[in-house]
Amino acid sequence: MRRPTRLVSLSLLLGLLGLALAAPGAGAISLAPESPHSPNAEDLRSAYDATLLVVSLLAIAINVALILAVVRFRAARDTVPAPVRSGGRVQLRVGMLLGAIALAIFVFGLVVAVKARDLEASGPEGLEASSMRFAQLGLKPPEGGEEPLAITVSGQQWLWRYEYPDGTFSYHDLVVPVDTTVVLRIVSTDVAHRWWVPALGGKFDAVPGRANTTWFKADEEGEYLGQSAQFSGPAYPTMRARVVVLSATEYEAWLDEQQTGIQEAQEAVQEEIEAGTQESAEPEAEQPGDAFEEGTDEPSGGGGKEPQTEDVGPDAPAAAPGGGDVE
Amino acid sequence: MSAPPPTVAPARPEIVTDAMPRRRPAWIENATSGDHKVVGLMFIATSLTFLVLALTEFVLMRVQLIVPESTIIDPIIFDRLLSTYGATAAVFFGIPFGLGLACYVAPLQVGARGLAFPRLASFAYWLYLFGGIALYASYLYNPPDAGVNPLPPLSDDVFSPFAGTDAWIVGVGLALLGFVLLAINLIVTIRNHRAPGMVWRRVPLFTWSAVVTSYVVVFTGAVMLAALAMLLIDRNYEGVFYDAGEGGSPILWQHLSWMFFNGAYVAMLLPGFGAISEIVATLSRKPQFAHRAMAGSFVAIGALGVLAWMQNMFTAPIPLGWSIVGMAMALALVVPFGLVFFNWIATLWGGALHLRAPLLFALGAISTTAIGLAGEVAHSVIPVAWQTSGTVATSMDTHYALIGGSVFGGFAALYYWYPKMTGRVMGEGMAKISFWLLLIGVHLTFAPMFFAALEGQVVDLGEYYEGTGLDGYNLVSTIGSFVLAAGVLTTLINAVYSVRHGIRAGHDPWAADTLEWFTLSPPPPHNFDAIPDVRSSEPLRDIRDGVRRRTEGWRPPRPLERPAAAHAPASEEASSSEESHPSGSGGSVA
């Protein structure tokens, strides 16, 4: 009487589980995140694969043992089991086995974490030496390689702003050359954010008052999508990022173009200020940012902060001296 | 004891009937009671109400995520739901449910007549209730919207100018103050009011878990209270504790709050673990496998669980060395958690499993927490966390573990001790329905989140975009959340219904071995008429054996064997064997 109902409910459960896993686009299921396109992302991927295997085995082992115990020892009435207690020896053995597993995971995690933080030199197709120093960033420089390209990523409600070594800046889209080591200095100008582009390495928080660093070396031209992973207010879902990887020459062309665009906009702003019509200046100043933002609609009712309009104004004049330093 | 001598000496014994205290209405009796059973029940009932609220918020958020780019719920309202959901699930359901169970059961299990500080317990309850009211009253004006863990600067007065965040701080703070007081109360009670002979190694595992939980709550609750006070000062009195621009540090809040949330995690798991240990042993008709190792594991889980707070901060701008410390602590937890799972299964193995509702829920708890905690192991490996932290995979594992510990484990405890609380058993049919709904619901809701995380879905998201491959997973998850809610509600309805309509249970329906089953169901205000001597970790088994030995053909004692038996130490091993002691003082079993 009981067994059939149990079988039915069990198969129902398994069926539903299967449905849960199979429903979203048959064949699209994968057990791994987006494939890596940077050496450190590859390190993270290997750590992920190994750890997934170990923890899956742990979870499966416990569940299988549990189901076996239930199936085998379901009480027939009046069975009186032998009172088994455990001596310390069994506990010690099991504890040592678990400790060994934990230690292995720890050492492995440590090695991979340290390795993923070490910069790798730019490749042959990469950009020539950039002029940016990065010793203060707290990352170990590559041995004998070119100095990497250092870009400041600044999180703001609710977009990312990128500042390039020559003082150029952009919003939403981070444009970088392929095969070049790029060091990101991650900061925030308002609340905490979390930088994450899965194909190009791990997440790092943008916290006001303290800079965070990471790096990547994109191995292929293309676009890589990312998303802030730290709740930051009502428009947090729109806080996406895109990394556009270009060839070294295309990158330099883009930088020039961007710089001219910014300069033109700044001149326009300057003219308007001089003409005394400051009210209309700020929307004008938005233009360079707008040119590179795409599909990200600024949410309405965002609760009082307008980083876009506020930031371009003050920052735009500041960008020019920054660029001058490099020259 | 040290009452001052009476100023007017009683002249003669007399019975003054008109001086009997007038019977007050039941609600006043309950509201002013210092009885640990009444306070415990009020904690349990209130926390289950908050569970319904948390569930409602969760389902509403899932409804918003049912399709991509949905506009069912306004982003601002979503943030409010999110912010109250986190506090409700952890602070107003998880911790008080565990502490309430502990408050009810632990004094009974150790043979105490009441709490050490009865009025403090009542005060703790009212702090908790008014904390919850303070939080939810904000729905009348401006609910909090700074997220599950309101990190400054988002939660400071610049970015959250409205009073909702203050309501969050005050509500959580009041409740935490209550929990800290109750936890101190429980620690003192369990330390000082144990029955004669109940040394620590004989203390039942649920009480062990209650003690460890209490210490964790005292420590991390105090830390969070300090953090909340600083945030309140920052917001209202121009403090700069978390203001990076003025020399403060937002990272400070991260350290303090994660210490608390890690403590809350432990406090939601451990009472469930203690209950599961009791249930697994009782309903498989076997003694607990490795009682001492289990108690030790609980202690280790409590200590390491709190020390591992930096496992949440691998992405924060802190030196890698600190992350490594966090990883070491978090991975060290593999040992005690693993031992707990191993010992549960070893207890079940070879037993005679009576698959009644408590055991069913306990099995569900073991299964789901195993999945959740295995996931947590993965997220405590730094390079893995750099990819998975902040994605819905972490929220999936947290929910697997905490629904396992607090809902499955907590419900197992509820089903198990309900006969003690009310004198009636909860309906088995509804229990089975609830169990299967919960099990299916948990997997349906949270398993797809693992795959969604691999597609890049991050936590706390009120909206996701078309073409990101997340549609199917979220649809299934939303359907699952309804199943989950149905499962929870079935048990709650069962609990309410059974108060009047349940089958009468008798005093010891499960044939359990711990002292709470020695008294009536529900127990009288003073708990025990006579408190028995305790000679093992299973005092009731000893009493039963003693009764059996006396009733099944009483023999005159053999004087020659006495001295030999007296040499044997009164250890656990000896106690359950043949005749190392002739029946405790348990002749008075009802």
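Modeller: Residues are numbered from 1 along each chain as its sequence is written, and chains are lettered from A and ligands numbered from 1 in the order in which they are written. Because the model is predicted, local features need pLDDT of at least 70 and side-chain atom pairs count only at pLDDT 80 or more, whereas totals for chains, interfaces and linings use all residues.

Colleague: What share of the residues in chain A is buried?

Modeller: A residue is called buried if 20 or more other C-beta atoms, placed from the backbone, lie within 10 Å of its own, exposed if 12 or fewer do, and partly exposed in between. In chain A, 40% of the 327 residues are buried.

Colleague: How should I read the open sheet, and in which order do its strands lie?

Modeller: Strands of a sheet pair through backbone hydrogen bonds, either parallel or antiparallel. Here two strands are said to pair if DSSP finds at least two bridges between them. In chain A, 5 strands form an open sheet in the order β3-β2-β1-β5-β8, with mixed pairing; β3 (169-171) and β8 of chain A are the edge strands, each pairing on one side only.

Colleague: Which strands does β5(A) pair with?

Modeller: Strand β1 (residues 149-156) of chain A runs parallel to β5(A) and is joined to it by 7 bridges, with Thr152(A) having Arg185(A) as its bridge partner. Strand β8 (residues 212-216) of chain A runs antiparallel to β5(A), through 5 bridges, and there Ile186(A) is partnered by Asn212(A). As for β1(A), its pairing with strand β2 (residues 159-163) of chain A is antiparallel over 5 bridges, and the partner of Ser154(A) in β2(A) is Arg161(A).

Colleague: Which way do the side chains of β5(A) point?

Modeller: In a regular strand the side chains alternate between the two faces of the sheet. From β5(A), Val182(A), Leu184(A), Ile186(A) and Ser188(A) point one way, while Val183(A), Arg185(A) and Val187(A) point the other way. Strand β5 (residues 182-188) of chain A is mostly covered, with 7 of its 7 residues buried.

Colleague: Turning to the other chain, how many residues does each chain give to the contact?

Modeller: Two residues are in contact if their C-beta atoms, placed from the backbone, lie within 7 Å. Chain B contributes 84 residues and chain A 83 residues. The residues on the side of chain B divide into 58 nonpolar, 19 polar and 7 charged, where Ala, Val, Leu, Ile, Met, Phe, Trp, Tyr, Cys and Pro count as nonpolar, Asp, Glu, Lys and Arg as charged, and the others, Gly among them, as polar.

Colleague: At what angle do α2(A) and α11(B) pack?

Modeller: Axes are lines fitted to C-alpha atoms, for helices over the stretch in contact, and angles run from 0 to 180 degrees between N-to-C directions. The angle between α2(A) and α11(B) is about 170°, and their axes are 8 Å apart. The two helices α2(A) and α11(B) are therefore roughly antiparallel, a term for angles over 145 degrees. Among the residues that meet are Leu52(A), Val55(A) and Ala59(A) in α2(A) and Ile366(B), Ala370(B) and Ala374(B) in α11(B); the residues of this contact divide into 14 nonpolar, 4 polar and no charged.

How values were computed. Helices (H or I, at least four residues) and strands (E, at least two) are DSSP runs, numbered from the N terminus. Angles under 35 degrees count as roughly parallel, over 145 as roughly antiparallel, 65 to 115 as roughly perpendicular and the rest as oblique.
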